[in-house]
Amino acid sequence: MDRVALSWLKRGTTALCAALRWRPVWVLAGAGALLAVLIASAALLLVRDLHARAVEDAQQSLAGLSISLGEQADRALQAIELVQQGIIEEIRANDVVTEEEYVAQVSSRAMHDLLRARIAALPQVNAITLIDETGKLRNFSRYWPIPDVTISDRDYFKALVADPALQRFISKPVQNRGDGAWTIYIARKVSGSDGRFLGLVLGAVELQYFERLYRQTAPAPDYVLSMFRQDGVLLVRHPAREGTIGRSFGNAGAALIAALGSRSGVIRNVSPIDGQDRLIAVRGLANYPVLLSISRTAEACLAAWSRQAGALGAAALGLDLGLLGLVVLGARQIRGRERLAEAEAARAAAEERARGECDLRTQYARFGIALDSMTQGLCLFDRDDRLILMNARFAAMHGVPADLARPGTPLADLLARLAADGTEGALRRRPEGADDPVAFTVDLADGRAISVVQAAIPAGGFVCTHEDVTERRRSEEQIAYLARHDALTGLPNRIPLREWMEEVFARRPYGDVGAVLCLDLDGFKVVNDSLGHPAGDELLRLVARRLRGVVSATDRVARLGGDEFAIVQVGAEQPRQAALLAERVVAVLQQPFEIQGQQVVIGASLGVATALSADPTPDALLRSADIALYQAKAAGRGTWRFFDAEMDLEIQRRRRLAADLRRALDEGQFEVHYQPLVEARSRALRGFEALLRWRHPEHGSVSPAVFIPLAEETGLIRPLGAWVLAQACAEAASWPEPLKIAVNLSPVQFVQGDLVAEVRRVLAETGLGPGRLELEITESVLLQDNEATLAVLHELRTLGALISMDDFGTGYSSLSYLRSFPFDKIKIDQSFVRNLARETDSVEIVRAVIGLGRALGMGVLAEGVETTEQLDILRQEGCDELQGYLFSRPRPVTEIRSLFNAKAA
């Protein structure tokens, strides 16, 4: 039994080895079989797809032909019905009522000639027949005299007599009693005006007409073109088949489609007429109960597909046979390669062992290079504190000699070496039982900073990395410095200033804190714009240097941004010391600066807040000083102001007023008042100036001197100015000509929006003549952007509007503006008119302005005329126009009409 078991075991082992050895062959055979099945399946799917496409193409072709022939048949039958309809209308036109009248009219020779003429051009019509109510033939287009024939036995006569609602009937095909030709009749009922049945108008259609037509139209001999009645009766067939015309075929394709409730469609069916399997396209005529059938045998439709399917089958079979040959050849090659692979395996194993040893040596070398190329120094110690590994970076970083960098060097020897060089803190013994990594930074005696990380290793001992972070620390310190200081001047910025103030507040008594001075440079923008940004930067550096020179050692100077600086003064005796410091700052900054070889003169405005006058917190003091600075700048610059509570209340009041201003226009709180402009000699009315007034619901009338600057600051002056312009022009358009309207323009309107387009639109909408609109500007308009502003003024002048210079003589360079633009009028400011009777200087100035206007061809108007003495002087000096309370205060629109009516009277 043991021998038998050993024999079977040997045979099983041999079979298993053979199966494993031949596994690739089986895989190849299986893959080949699978590919053969895929080829056959693909060929079958392609044949099925081609079959479906062939059927679809045949159906589309038959359907297209059925549509074309159906439309042609529809037109042929409609032509007959048009003839019938014409005859019926002829009968009705004669108001035929009784059967006798009907017979009399339709039996005439004239009617016969009419019938012949109507069908002469219709080859499909065999004859037109007129039948009376008894079925007797009364007129016939083919013969005269009329034969004695009755058709009361015909289906169409019976159907139309039996159904009063039925007006038309198409008969079954019948053989003509005259020549035996198959004919169908289209019967139309003729009724009297009272609805009485009088007879029929028959149109006889010889089916040979359609047979000839279909014979010429059929694309191929295997096509069958048929015409069925709705109930399946065959009317026409090409090719003709004996004994089929007139029979009903309920199983024909047309009848089957009609039975489905459809009048069109495509069907495959075995024809009950010739027994052929056919594809049939059916099309119902649009106006008649007739179905047109176009069919072709399935064999002919699929002939091309049969050829393609045979070719594909042959190709698939050839591919499968070729694949079988490839599988056999592949199996032989696999066996050969397996034998070759067994021989190669032994050689490759030997080479792999040699290559592994070489790779190990290479990896060790690379590891050494990587360690020595690290930016960090690294050393590794065992559990007995003996050196295992030290890279070149660690040795170079701490100057370790080669004899101490060898493996096995005790940690104590390395510590002694580092202590001798003053760097002993960079390497430390690892505390016993410390498992977590330890990180610290050591500052060496030579100024370097070393970042150290020590971590335990699983086998005992520790690894230590050293990194020189000296430059990183310097960069971080520089970044921290720049975050807290102004890069241009070197002064602290707002952050350290605030921290220092908090520190001072914390350690000093309340009354000993001192004061905060916020200052703004006057004229810095002019320097920046005229000399360039480098000059502006140099000016800021020089200002910072001077500010450092005027403060005491306990004070702090900071740059808050732009041309804004702050000084924190520490000490009691306030506000006297703060006033002295403010005076010194204003004085030192008014001294000329030497920049780019030029002397530059600026000034400064200061706001001062003391700890006694404001909330003694850094933010509150800075805010209070800023409010005081705003008041100083409003007072005329080059000065300083101390903060008091009223300033804050004024700021809050302005903010509330600005918020009210935003709502005022929408809520209709504004109105336009008008002040007269009069001719100086005659006091005749020349026009009005439009002046904006605000009636606040709580505060009453708000002065324009208050809300106009506020509107300019917030940008609301643009919609306000547009509203005033539209209101004033609309009102002026209703005045008698040539009264003018003068409207003031703000500098903001020149830099925001399109002023020219706005004026053009208002003139077009109101219909006001451009020559009656006078636009007034001040010289501040030309200060902001002289070239751009002059371009806008010239465009306004092109529109036809008049341009006036308002408040002339109060600015710095009014004369230069008179040279740059040809103003139509100069308005002398009321500050010169007010003192005419008391000051000779004012008279001289007025005389000079009037003379200048006369020389330049410009009109002159004097504002603020309040007394007859002023009136007499201005008349004597030759002023053209006058304006002031002497003539009238500004009045609302409801009052001015009576004013200029009175002037006219």
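Me: How many helices and strands are in the chain?

Reply: This is a predicted model. The chain holds 29 helices and 33 strands. It has 905 residues, and 43% of them count as buried. The accessible surface is about 46500 Å², with 54% belonging to carbon and sulfur atoms.

Me: What share of the contacts with a separation of 6 or more joins residues 24 or more positions apart?

Reply: The share is 59%.

Me: Now a sheet. What is the strand order in the open sheet of 5 strands?

Reply: The order is β18-β19-β17-β22-β23, and the pairing is mixed. β18 (556-561) and β23 (640-642) are the edge strands. Each has a single partner, so one side of each lacks a neighbour in the sheet. Neighbouring strands are turned by 20° against each other on average, direction ignored.

Me: In which sense do β17 and β22 pair?

Reply: Antiparallel. Strand β17 (residues 515-522) and strand β22 (residues 603-610) share 8 bridges.

Me: Which helix lies across β17, β19, β22 and β23?

Reply: Helix α17, residues 618-634. It runs at about 140° to β22.

Me: Next, strand faces. How are the side chains of a regular strand arranged?

Reply: They alternate between the two faces of the sheet. Now take strand β30, residues 825-828. Lys825 and Lys827 are on one side, Ile826 and Ile828 on the other. All four residues named are buried, and both faces of the strand are covered. Buried here means under 20% relative accessible area.

Me: Last, the surface. Which residues make the nonpolar patch of about 280 Å²?

Reply: Leu34, Leu35 and Leu38. Leu38 is found in helix α2, residues 23-93.

Me: Why does Leu38 count as partly exposed?

Reply: Because its relative accessibility is 47%. The partly exposed class lies between the buried limit of 20% and the exposed limit of 50%.

Key:
Residues are numbered from 1 along each chain as its sequence is written. This is a predicted model: local features need pLDDT of at least 70, side-chain atom pairs count only at pLDDT 80 or more; totals for chains, interfaces and linings use all residues. Side-chain values use heavy atoms; hydrogens and water are left out. Patches are made of residues with over 30% relative accessible area and no salt bridge: like charges are joined within 9 Å, nonpolar side chains (Val, Leu, Ile, Met, Phe, Trp, Tyr) within 5 Å. Accessible areas come from the Shrake-Rupley method with a 1.4 Å probe; for residues, only the protein chains shown count as cover. A salt bridge is a side-chain nitrogen of Lys or Arg within 4 Å of a carboxyl oxygen of Asp or Glu. Helices (H or I, at least four residues) and strands (E, at least two) are DSSP runs, numbered from the N terminus. Buried means under 20% relative accessible area, exposed over 50%, partly exposed in between (1.4 Å probe, protein chains only). Two strands pair if DSSP finds at least two bridges between them. Axes are lines fitted to C-alpha atoms, for helices over the stretch in contact, and angles run from 0 to 180 degrees between N-to-C directions. Contact means heavy atoms within 4.5 Å.
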